[in-house]
Amino acid sequence: MVQFRNVLAFLALTALGADANRGNVQRRAAAAASPAVSPVNTQAQLAFLSDILGRPATPDMIANLDAAHMNSVIKTEVAKSNSQGLYPENTVVSALETKNPPKFAPAAKRIVITGDRLANINAHALYAAAAYCANGLSGWTCGDRCAPGIKVVSTFKDPNTDTVAYVGYNAANNEILVVYRGTSSIRSAITDAKFWKADATQGLDRLQVPSGAKVHSGFLAAANIASDFVHQSINTILTTVPGSQDWNLSVVGHSLGGAISILSAVELLDYLGDSWNDKISVYTYGQPRTGNQVWAEWVETLPFASRISRTTHTNDIVPHVPPTLLSFMHHQTETWIDSNGALNTCSDSTSAEAKDCANSEWLYSIDAHLAGYSPMPMGAFC
Ligand SMILES: *[C@@H]1O[C@H](CO)[C@@H](O)[C@H](O)[C@H]1NC(C)=O
């Protein structure tokens, strides 16, 4: 029983997260220092937490996501899933018994990012924020979220997987854009036990994926359902916009949209061919873990690996799910926005998750997932 309680407490911290007052105080101080960041309203946080939990969240749960409450929620969820033979709880228990607890490292070799790299990551965060404006996409009428100079060619929505995407371009930057929205149903996509790992070769014709490379099946399904639309939209640009054959291609998304983005970028390299090796970039924000270690290490060998930017923000909960205990692992390259709003490099030169960025946090927050990546908060606010 003691063992089981430890498991629940551990899951509360690793899988769903607990946000104590300390984190809130820090974030409020940071928010006061940077008025450009709009606070996320209570209703949006409630909706988000309700979605993660699968039942209505209450305001006190946002004010202090205390471990005891989360424990009881997880206990219910684990028991339910376990009775259906779905949740690999036994695996989690044995992994806990055999693994050392994670080590949290203090700030180490981080360097604040400035200049073009910072400007690029910020610009693409705004494109990701625009993806949440369902009604303003095709006409590019989403106010401050719709950056000037972007031409949207087509938009996509799949009601079954709740996948939304738009494809467009920025002629001034010689850049084709494929942008994915995070689904509003983050709980079903991340924590639903029916989504387990799928073979990473699914949907690929050309690229050789090592055996044992697995990705989250829900993320893969969302990427695959949009792929015909994305191919057609890119082909429209390539055949109708002069010069676009020589342009770059950026795949962009926040939250689940980030996970879909990396899967989509791999699929697009497979589809478009080697001539695009040096032209694809990936910008993700608050991306959940997307596949296992074999997959993550393979992603890091792809021709566009040096142009993958996986941005995390303070103690955003989502980069911590699904948990490593369920053998998910992040690919590189992480950049981390600290509580001062500065974007940092992380110690990520080896094939392992950096310890000095998102993984230096151990109390997680939903607020930090929605606000802080861009002056415009992510989520359904328009
Ligand atoms: C594509 O991006 C690279 C940087 O990754 C840049 O050097 C190059 O000029 C860009 N191509 C075009 C056509 O602008």
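Colleague: Which residue of strand β3 does tyrosine 169 stand opposite?

Modeller: Tyrosine 169 stands opposite isoleucine 176 in β3. This is a predicted model, in which local features need pLDDT of at least 70 and side-chain atom pairs count only at pLDDT 80 or more, while totals for chains, interfaces and linings use all residues. Residues are numbered from 1 along each chain as its sequence is written.

Colleague: What makes β2 and β3 count as paired strands?

Modeller: Strands (E, at least two residues) and helices (H or I, at least four) are DSSP runs, numbered from the N terminus. Two strands pair if DSSP finds at least two bridges between them. Strand β2 (residues 163-170) and β3 have six bridges in the antiparallel sense, so they meet that definition. They form a hairpin with four residues between them, and asparagine 174 in the turn has a positive phi of about 50°.

Colleague: Which strands pair with β6, and in what sense?

Modeller: Strand β3 (residues 175-180) pairs with β6 in the parallel sense over six bridges, and β6 pairs with strand β7 (residues 280-285) in the parallel sense, also over six bridges.

Colleague: Why is β6 called largely enclosed?

Modeller: A residue is buried if 20 or more other C-beta atoms, placed from the backbone, lie within 10 Å of its own, exposed if 12 or fewer do, and partly exposed in between. Six of the seven residues of β6 (residues 248-254) are buried, and therefore this strand is largely enclosed by the rest of the structure.

Colleague: How do you know whether the faces of β3 are covered or open?

Modeller: One looks at the residues on each side: Glu175, Leu177 and Val179 on one face, and Ile176, Val178 and Tyr180 on the other, are all buried, and both faces are covered. In other words, six of the six residues of β3 are buried.

Colleague: What makes the unit of β6, helix α10 and β7 right-handed?

Modeller: The word describes the crossover, which is right-handed if, with the strands pointing away from the viewer, the path from the first strand over the helix to the second runs clockwise. β6, helix α10 (residues 256-272) and β7 make a β-α-β unit of this right-handed kind.

Colleague: What joins glutamine 332 and threonine 333?

Modeller: These two residues are joined by a cis peptide bond, with omega about 10°, and threonine 333 lies in the loop between β8 (308-313) and β9 (334-337).

Colleague: Which residues is isoleucine 234 in contact with, leaving aside its neighbours within four places in sequence?

Modeller: Two residues are in contact if their C-beta atoms, placed from the backbone, lie within 7 Å. By that rule isoleucine 234, whose place is in helix α9 (residues 217-240), is in contact with Val167 and Ile176. It is buried because 21 other C-beta atoms lie within 10 Å.

Colleague: How confident is the predictor, and where does pLDDT stay under 50?

Modeller: The quantity to read is pLDDT, the predictor's confidence in each residue, from 0 to 100. The mean pLDDT of the protein is 77, and 67% of its residues reach 70 or more. It stays under 50 over residues 64-75 and over residues 86-107.
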